[in-house]
Protein chains: 2
Amino acid sequence: MSTYSEIFQQPDCLRRLFTEQRKEVEKTAAEIRRRSVNFVFLAARGTSDNAGRYANYLLGGKNGLPVALATPSLFTYYQTPPILKNALVIGISQSGQSPDIVSVIEEGRRQNCLTLAITNEPESPLACKADLVLPLLTGPELAVAATKTYTAELMVLAMLSAALAGDSPGMASLEKIPERVSDMLKIDDMIQDAVKRYRYMEQTVVLGRGFNYATAYEWALKMKEMTYISAEPYSSADFMHGPIAIVHGGFPVMAVAPEGRVFDSMMDILIRIKTDLNGELMVISNRREALDMAITPVELPDELPEWLSPIAAIVPAQLFAYHLSCIKGHDPDRPRIIHKVTETK
Amino acid sequence: MSTYSEIFQQPDCLRRLFTEQRKEVEKTAAEIRRRSVNFVFLAARGTSDNAGRYANYLLGGKNGLPVALATPSLFTYYQTPPILKNALVIGISQSGQSPDIVSVIEEGRRQNCLTLAITNEPESPLACKADLVLPLLTGPELAVAATKTYTAELMVLAMLSAALAGDSPGMASLEKIPERVSDMLKIDDMIQDAVKRYRYMEQTVVLGRGFNYATAYEWALKMKEMTYISAEPYSSADFMHGPIAIVHGGFPVMAVAPEGRVFDSMMDILIRIKTDLNGELMVISNRREALDMAITPVELPDELPEWLSPIAAIVPAQLFAYHLSCIKGHDPDRPRIIHKVTETK
């Protein structure tokens, strides 16, 4: 039951993180502002890499910071790391153990960059090597499929972004997020019922764009980890450039399309999939037009700023992957093959 | 027949590109060296985005330049582009038409960055907006699935990297690449025979790492465009962090594993897939140990430097996607749904 109970711990985890870490985040932001940072160089794997995808839009769009997602093998196997002049080097890892992520932080320090570790284990190798550490404070995550550390990673990144921008209204919006996550957990029964339709689904694609590009990736990853189906994530724009050819009558497409700047572009692709190609949609949204397109609509709260929507939007997706795993006869707490800590070089 | 004939035009295209563009590439490199460039900000979609993945390892590993892959929606829908100070802004697009890629170049100019367009259409909007243009010179690409422009994009990026590094032996290796591509085309009959086994394959994953991370993505994309199967690309390290759960007895996995720095890490995953999980492998490699693991081995030339191996390694993958499309009863020249030029915002 660890996966299920950790999904339900999320409102408490996020509340604690916001309350107890706010000062630390402000201090971290002040430290970053003191340095001449031109761009962010970010290393992560798996679920944490999806938090990195969120950071890409968040730090790029809210803080003017371009984000380069690291290619760790240049640091490990090739031993030809790039020159990180004027970079803020960030490593994100639940366990703080993966040698390749640690090696990016080490190289950042060697090159005199400011380095920041975001991890649930403040005594881990990653945390010990970094100049600055933002712990996730979720308590031990026992489930193989990460859930509460993912939303905590998004939360701490959003707090850091708001602190860097001196955005007090943003901080106020953030404070309400644990409540929004709580709202989402109330639809657990509905999701448990909805998965029945997908009992024999073997293949799907998951679409999102902008801030929710990360949500599409993380939703797909949870399905892959817990249900072993083929679930490929795409930005709706990349999907149009070729992979859309996969859609045929009845093909199931999942989409995350909350109100916001990219909503119209998501609507365009939903219409194309449903009306032109006869695909079948599951949609997470707070806009009626989008929900009405779906055979499985999942309603998000109305009052959800787009830049924070990924923290709430992933919750029904986690529940969906969990219940789908159960109904398919798998054990979501014991996914085959994978382990909690994966050490890649 | 346009896809097939364009695949076979590749040696001539690459030869022409190397001969006719070498001076232009040297001039472009000199221009870049004159500026204080801290990092590369690169925008592309679809096949060209896979060339961007190659640039990530190439410019990072050979030229010390971190590469940030652009999130174009920050420029279009959100209208909050990041600050591109000290960036070289590169746009890669076969057609040079897609408004989102053009908008990244425009913003780069607005911010006084040096901008470079890599395109097959030197009169296109992308080329007209950029400070520097490197045309691909492949002649018109008529097939919907891009093949010759992809290898030309890799070639011109490799030439640029060698020119930036003043790497004469590298340039000499590059000169031999058209011949290596020609060698690969000789196995066309073998590939045409090999696809029979995959007539009813509906799902696969494609693995690569380092320089050939791009090859895994491009191989998967060609299969998706031409055969409509689910083919998801991964770095072998990311695959270990969760998605490997998808592999079961007989599950088909494609891998690109030429001799080089990441070969041992690729071998580790091939052994895990075949020996521990009973998966079934198709492997493109020039190392006997790797080829011996595969039910469908595809041999690369021996004398292939790792950093240039993606230009040759994609060729059998293109042929595989083409013949698989035919044997499945599709028309690879008329993929359903998609068009040659996709204009995304």
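**Entry 1: a helix pair.** I began with helix 2 (residues 10-34) and helix 7 (residues 168-175) of chain A, which pack at an angle of about 155 degrees with their axes 12 Å apart. I work from a predicted model, in which local features need pLDDT of at least 70, side-chain atom pairs count only at pLDDT 80 or more, and totals for chains, interfaces and linings use all residues. Residues are numbered from 1 along each chain as its sequence is written, chains are lettered from A and ligands numbered from 1 in the order in which they are written, and side-chain values use heavy atoms, with hydrogens and water left out.

I noted the terms. Helices (H or I, at least four residues) and strands (E, at least two) are DSSP runs, numbered from the N terminus. Axes are lines fitted to C-alpha atoms, for helices over the stretch in contact, and angles run from 0 to 180 degrees between N-to-C directions.

Helix 2 and helix 7 of chain A are therefore roughly antiparallel to each other (angles under 35 degrees count as roughly parallel, over 145 as roughly antiparallel, 65 to 115 as roughly perpendicular and the rest as oblique). I then looked up the residues in contact (heavy atoms within 4.5 Å). Phe18(A), Arg22(A) and Glu26(A) of helix 2 meet Met171(A), Leu174(A) and Glu175(A) of helix 7. By class, this contact of helix 2 with helix 7 of chain A has three nonpolar, no polar and three charged residues (Ala, Val, Leu, Ile, Met, Phe, Trp, Tyr, Cys and Pro count as nonpolar, Asp, Glu, Lys and Arg as charged, and the others, Gly among them, as polar).

**Entry 2: another partner of helix 2.** Helix 2 of chain A also packs with helix 8 (residues 177-185) of chain A, at an angle of about 180 degrees and with axes 8 Å apart. These two helices are therefore roughly antiparallel to each other. On the side of helix 2 I found Gln10(A), Pro11(A), Leu14(A) and Arg15(A), and among their partners in helix 8 are Ile177(A) and Leu185(A). The contact of helix 2 with helix 8 of chain A has six nonpolar, two polar and two charged residues.

**Entry 3: the sheet of chain A.** Five strands of chain A form an open sheet in the order 7-6-8-9-10, with parallel pairing (two strands pair if DSSP finds at least two bridges between them). Strand 7 (230-235) and strand 10 (296-299) of chain A stand at the edges with a single partner strand each, so one side of each is left without a neighbour in the sheet. The twist averages 15 degrees from one strand to the next.

Strand 8 (residues 252-256) and strand 9 (residues 280-285) of chain A pair over five bridges, and Pro252(A) stands opposite Glu280(A) in strand 9. Helix 14 (residues 309-327) of chain A packs on the sheet and touches strand 8, strand 9 and strand 10.

**Entry 4: the two chains.** How does chain B superpose on chain A? A rotation of 180 degrees with 0.0 Å of shift along its axis does so, with RMSD 0.0 Å (by least squares on the C-alpha atoms of residues with pLDDT of at least 70 in both). That is the relation of a two-fold axis. In chain B, the C-alpha nearest the axis is that of Ala68(B), 1.9 Å from it. I also noted that 100% of the interface residues of chain B are interface residues in chain A, so the copies meet through the same surface.
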